[in-house]
Amino acid sequence: FDSMTKSESDSGQTGMVYGMEVVPWTDNTSFQVACRLQESILALPMPRNLIKNQTSPGKCPRGLEADDTNKCCDGSVLEELETTKSVTDAATGITVDVKKTRCEPMRILPPTVLKNNLANNGEFIAMLDSVTRYKMNSLFTLEKCVAGIRAFPKRYDDFLLKTKDTVKYDATLDTEFSVGELKMALDPLEDFSLVTMVAHELDEFVAMFYDPCIAAINGMNIGVSQDTDPKYFMAESWYNHPECSYVSCLADNMAWDRKNGGCTPGITAQTKAVTYSENDVHCAKKLDIDGETEICKHSPNTAVFNECSKDQDDNHVASSYIVDHFCMPQLKADGGKASSTKAVEIKKMSTTCDAAVNKKNNNPAPTAPVVP
């Protein structure tokens, strides 16, 4: 396009672009030559679903031999297993133990398959990077929003907030949101605890999903050498790697599931924090202070956060929705305030939260002075 524009400008001719053809970047001939697709020879084990099945137990098409997994293949690719089976000779009646066999045929990938794998993996990694950048941007936005709302003195808790200009309203949700409600939703403990938990979720997402998936696609977990062969990138498409099969992790506001693996809605997509344990099987690991035992890298104490937000469970909206609608926080131009009922609710949430913090710090909750 740049070359066409330059040639038209230099020649003094004018024209109009009426169409443009967009093709995948892997279809560029120069790129294929640079990747040496025609020179790359990769032999991989054939997937089990592509190996011929036996026509009947122990029977295979002519020229093929049966294994012990109901598959048929050439006798040269039958692999002996460590387990054995008992076989009786029809002529002598003698029973002997023989090793079981399994078909392990190899296949050489044609250049077209290499190109498809290259395109699929390249686009997937680009999407994975965009998902990670989105999570980082969400974290930064949340941190700025919490810092902004903490700048409002307590006397502004009853004042209503202005929604963002780009918001699309949902008639089923209350569009009036006060400063106090935003404080309770995003920073109830006044210590950036929600921001810290979201940062830990991002760290575990990278450690338990992003890094293993990228390593699998590039063949970094194969062999003992630190070096990787670029051919591995073209050997398998991303959806054949178990490390990349957690497709739910690509959705918005998802976090790594420390208990079961895979991904689950993160703290910003819920109204209550998930309880973590230092013994979670699928958490990101680190060495303990002695450097001898692996322990969970992050084990935030969410008990106080849950106790603080218990009065919000019936009416509380997910933090991600609130951030999208009211961050960065600005007061309404007319100086409107929340209704008296909502003001009482805000006061109740604040009192509950103060009690939870005092309980955490082993400080007794303040009581009203006795008037003689």
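Author: The buried residues of helix H4 are Val179, Gly180, Glu181, Leu182, Lys183, Met184, Ala185 and Leu186. Here buried means under 20% relative accessible area, exposed over 50% and partly exposed in between, with a 1.4 Å probe and protein chains only. Helices (H or I, at least four residues) and strands (E, at least two) are DSSP runs, numbered from the N terminus. Because eight of the eight residues of H4 (residues 179-186) are buried, this helix is largely enclosed by the rest of the structure.

The model is predicted, so local features need pLDDT of at least 70 and side-chain atom pairs count only at pLDDT 80 or more, whereas totals for chains, interfaces and linings use all residues. Residues are numbered from 1 along each chain as its sequence is written, and side-chain values use heavy atoms, with hydrogens and water left out.

A nonpolar core is a set of buried Ala, Val, Leu, Ile, Met, Phe, Trp, Tyr and Cys residues joined through side-chain atoms within 4.5 Å. The largest such core has 26 residues, of which Phe124, Leu128, Phe209 and Ile217 touch the most other members. At least two residues of this core come from each of helix H3 (111-150), H5, helix H6 (231-235) and strand E7 (254-256). A second, separate core has 22 residues, including Val146, Phe177, Leu194 and Val198.

Leaving aside residues up to four places away in sequence, Phe124 touches Cys213, Ile217, Trp238, Cys244 and Leu250, where contact means heavy atoms within 4.5 Å. Ring pairs also link Phe124 with Trp238 and Tyr239 in a cluster. Rings of Phe, Tyr and Trp (its six-membered ring) pair if their centres lie within 6.5 Å; planes under 30 degrees apart count as stacked, over 60 as edge-to-face and the rest as tilted.

The structure holds six aromatic pairs. One of them joins Tyr156 and Phe159, a tilted pair at 5.2 Å centre to centre with 50 degrees between the planes. Tyr156 is partly exposed, at a relative accessible area of 25%, whereas Phe159 is buried, at 17%. The rings of Phe205 and Phe209 also form a tilted pair, because their planes lie at 50 degrees, with the centres 5.5 Å apart. Both Phe205 and Phe209 are buried. These two residues are four apart in helix H5 (residues 193-217), which means that about one helical turn separates them.
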